[in-house]
Amino acid sequence: MKITEHIQNAKRPLFSFELLPPMKGQSIDQIFEAIEPLMEFEPPFIDVTYHREDFIYKKQPNGLLEKVSTRKRPGTVSICAAIQFKYKVDAVPHLICGGFTKEDTENALIELKFLGIDNVLVLRGDARKEDGGFIPEAGGHSYASELLEQVVNMNRGKYLHDEYNGINGTNFCIGIAGYPEKHFEAPNLKTDIRYLKMKVEMGAEYIVTQMFYDNEKYASFVKTCRDNRINVPIIPGLKPLTTKKQLTLLPKVFNIDIPEDLADAVMDCKTDKEVREVGIEWCIQQSKGLIDLGAPCLHYYTMGKSETIKRIAKAAF
């Protein structure tokens, strides 16, 4: 079922979450262990992230270093298929620009269609750690809007090569990312909203937000979207603070603000165990507040730590 259909059919706010594929060489059982504790909250869908390649350096017999490309967390498509088979819930694979040619993307979409996966979340993806900024794959997409256009075209039966056009199109429900505090590369929120509206007009059907810690940011973002005739569902993304280090790391990496009350409470903690308790309680209150604001679904970034999310969901739902 499509995400939009889940939302339309829901009699109460939905619960969903996001998972990371395990590191190369690790077992899919780690995914199942992260999912099991959260199934009591009846998630209608589960997201699985996609990570672009990184570079590692291998020392050669001549003493020189060879730069080698490797994907540390492969398996998104197969994990989605396993989730749908085992749990009978919809899995939402992330599609990214980095590391994929247009041909790679088309083939991945065909595989997803054959597996009965009905939803995708379209993202540009992060830059490699070694790069100063995002560098697209040769023959790939530079922007999420370009990737979105390819998915929309396939939904309409338009493939990369004309001889296949009009045969059998796909039927994906397409999600995109939204940034209540604006994308870090956007010059201002107004410009960011303009591009978001463009993506919705192109065919995006729902929005999942970047994490935030002040519900007023979400409420303001939703109002701004509605004022600009962006009327698709807007799902808030939530991530509880669990370590003191995140107080400086998250604003740096994700360009978000930490409210003064939360920052003060974390700074007063002597251990990360205390920080975790503060983060859980803050996220519980955030969750309750977002339900009161009419959020259609609460989406949690678990980072594989389901016990924390379970405590929050038990208190909020």
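The model is predicted, so local features need pLDDT of at least 70 and side-chain atom pairs count only at pLDDT 80 or more, while totals for chains, interfaces and linings use all residues. Residues are numbered from 1 along each chain as its sequence is written, and side-chain values use heavy atoms, with hydrogens and water left out.

A pair of aromatic rings is described by the distance of the centres and the angle of the planes. Rings of Phe, Tyr and Trp (its six-membered ring) pair if their centres lie within 6.5 Å, and planes under 30 degrees apart count as stacked, over 60 as edge-to-face and the rest as tilted. By this rule there are seven aromatic pairs. In one of them, phenylalanine 15 and tyrosine 300 are tilted, with 5.6 Å from centre to centre and 40° between the planes. Because phenylalanine 15 lies in strand S1 (residues 14-19) and tyrosine 300 in strand S10 (residues 297-301), this pair ties together parts that are 285 residues apart in sequence; strands here are DSSP runs of E with at least two residues, helices are runs of H or I with at least four, and both are numbered from the N terminus. Phenylalanine 15 counts as buried at 1% relative accessibility, and tyrosine 300 does so at 0%, where buried means under 20% relative accessible area, exposed over 50% and partly exposed in between, with a 1.4 Å probe and protein chains only. The rings of phenylalanine 212 and tyrosine 218 are stacked, because their centres are 5.8 Å apart and their planes stand at 10°; both residues are buried. Ring pairs also link Phe15, Phe17, Phe41, Tyr300 and Phe317 into a cluster.

Rings can also have a charge over them, which is counted if NZ of Lys or CZ of Arg is within 6 Å of the ring centre and within 35 degrees of the ring normal. Lysine 86 lies over the face of phenylalanine 32, at 5.0 Å from the ring centre, and over the face of tyrosine 87, at 5.7 Å from the ring centre.

Arginine 124 is placed in the loop between strand S6 (119-123) and helix H5 (144-155), and at 16% relative accessibility this arginine counts as buried. The side chains of arginine 124 and glutamate 185 are joined by a polar contact of 2.9 Å, that is, a pair of N or O atoms within 3.5 Å of which, within protein, one must be able to donate a hydrogen and the other to accept it, residues adjacent in sequence counting only if both atoms are side-chain atoms.
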